Amino acid sequence: SGSATYYGGCLYMRESTVALTDIDFTSCVTTESHGGGVSARIRSSVTISGASSFSSCTASGGGYGGGMYVGGSSTAFVSGAAFDACSSSRGGAVCLADSFATFIDLDVANNENEDIYSGGDANEFYNCTNSCRAGQYGDCEMATTSDYGTCPVNC
C-alpha cells in the first residue's frame with residue numbers, strides 16, 4: 001500500500017522503464033491526480049506479468065486510472081493481472097491516454113466507473129474475464145470513435 005498527492009500512489013514513473021512480476025498493489029491512493037496504483041508518464045515503459053493484482057486502489061480528486069494510469073507516449077504490457085475494487089473518475093481499473101498498451105488475460109471486476117478507459121493509440125486487450133465489456137458506456141470506453149485503437153479484442 002502507499003499514498004501520494006500527485007501521480008502514482010504506489011509507483012510513479014517518468015521517462016523510466018520498469019518490469020514487475022507477481023506484485024500486489026493494495027489500497028494504493030493518489031489524492032489529486034492519476035494512477036492510484038501505478039502512474040507511467042512521459043515516455044515510460046512498464047511491464048507487469050505473473051499473478052499480479054491491483055486491489056482497492058484509488059485515484060481521487062478527479063484523477064484517472066484507479067489501478068493504473070498510462071499516458072504521455074508511454075507503453076505498457078500487462079499479462080495475467082487482476083483489477084478488483086479500484087476507483088477513479090475515469091477508468092476505475094485502467095486509464096490509457098496517449099499510450100500504446102497491450103493487456104492479456106486480465107481479470108477485471110467490481111471497479112467504479114468504467115473498468116477501462118482507452119483514449120490512446122493502438123491499445124489492445126485479449127482474453128479479459130468478468131466485466132471487461134466493449135461499448136462507449138460499458139466497462140471499456142473509447143475516448144472517440146476514430147483513430148484510437150481497439151478496445152477490447154476477444155473480451
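## Contacts and overall make-up

Residues 24 or more positions apart account for 69% of the contacts in the chain with a separation of 6 or more. The model is predicted. The chain has 155 residues, and buried residues make up 48% of them. Its secondary structure comes to 18 strands and 0 helices.

## The open sheet

Four strands form an open sheet in the order β1-β5-β9-β12, with parallel pairing. Its edge strands are β1 (2-4) and β12, each of which pairs on one side only. On average, neighbouring strands of this sheet are turned by 15 degrees against each other, direction ignored.

One of the pairings joins β1 to β5 (residues 28-30), in the parallel sense, over 3 bridges. Within it, S3 has V29 of β5 as its bridge partner.

## S88 on strand β12

S88 is found in β12, which covers residues 87-90. Is S88 buried or exposed? At a relative accessible area of 4%, it falls under the 20% cut-off and therefore counts as buried.

The side chain of S88 makes polar contacts with backbone atoms. It reaches the backbone oxygen of R90 at 2.8 Å. It also reaches the backbone nitrogen of G65 at 3.2 Å. Leaving out residues up to four places away in sequence, S88 touches A59, G63, Y64, G65, G66, E112 and N113.

## The nonpolar core

The largest nonpolar core holds 27 residues. Those with the most contacts inside it are F25, F54, M68, F83, V94, F103 and L106. Strands β2, β6, β7, β10 (68-79) and β13 (94-104) each supply at least two residues of this core.

Which residues does M68 contact, leaving aside its neighbours within four places in sequence? They are V38, V46, I48, F54, A76, V78, F83, A93, V94, C95 and F103. Among them, F54, F83, V94 and F103 are also listed with the most contacts inside the core.

Strand β7 has two faces. V46 and I48 lie on the covered one, while S45, T47 and S49 lie on the uncovered one. In a regular strand the side chains alternate between the two faces of the sheet.

β7 runs parallel to β3, joined to it by 5 bridges. β7 also runs parallel to β10, through 4 bridges. I48 takes part in both pairings: it is the bridge partner of L20, and it stands opposite V78 in β10.

## The salt bridge

How many salt bridges does a search of the whole structure find? The search finds 1. E15 forms it with R43, and the closest N and O atoms are 3.1 Å apart. Side chains of opposite charge can pair when their charged atoms come close.

The pair links distant parts of the chain, 28 residues apart. E15 sits in the loop between β2 (11-14) and β3 (17-21). R43 sits in the loop between β6 (38-41) and β7 (45-49). E15 is partly exposed, with a relative accessible area of 49%. R43, at 54% relative accessibility, counts as exposed because the cut-off is over 50%.

Definitions and conventions: Residues numbered from 1 in each chain as written. Predicted model: local features only at pLDDT ≥ 70, side-chain atom pairs only at ≥ 80, totals over all residues. Heavy atoms only, no water. Buried < 20%, exposed > 50% of the residue type's maximum accessible area, 1.4 Å probe, protein only. Polar contact = N/O pair within 3.5 Å; in protein donor to acceptor, adjacent residues only side chain to side chain. Contact = heavy atoms within 4.5 Å. Pairing = 2+ DSSP bridges. Axes fitted to C-alpha atoms, helices over the stretch in contact; angles between N-to-C directions. Salt bridge = Lys/Arg side-chain N within 4 Å of Asp/Glu carboxyl O. Core = buried A, V, L, I, M, F, W, Y, C linked by side-chain atoms within 4.5 Å.
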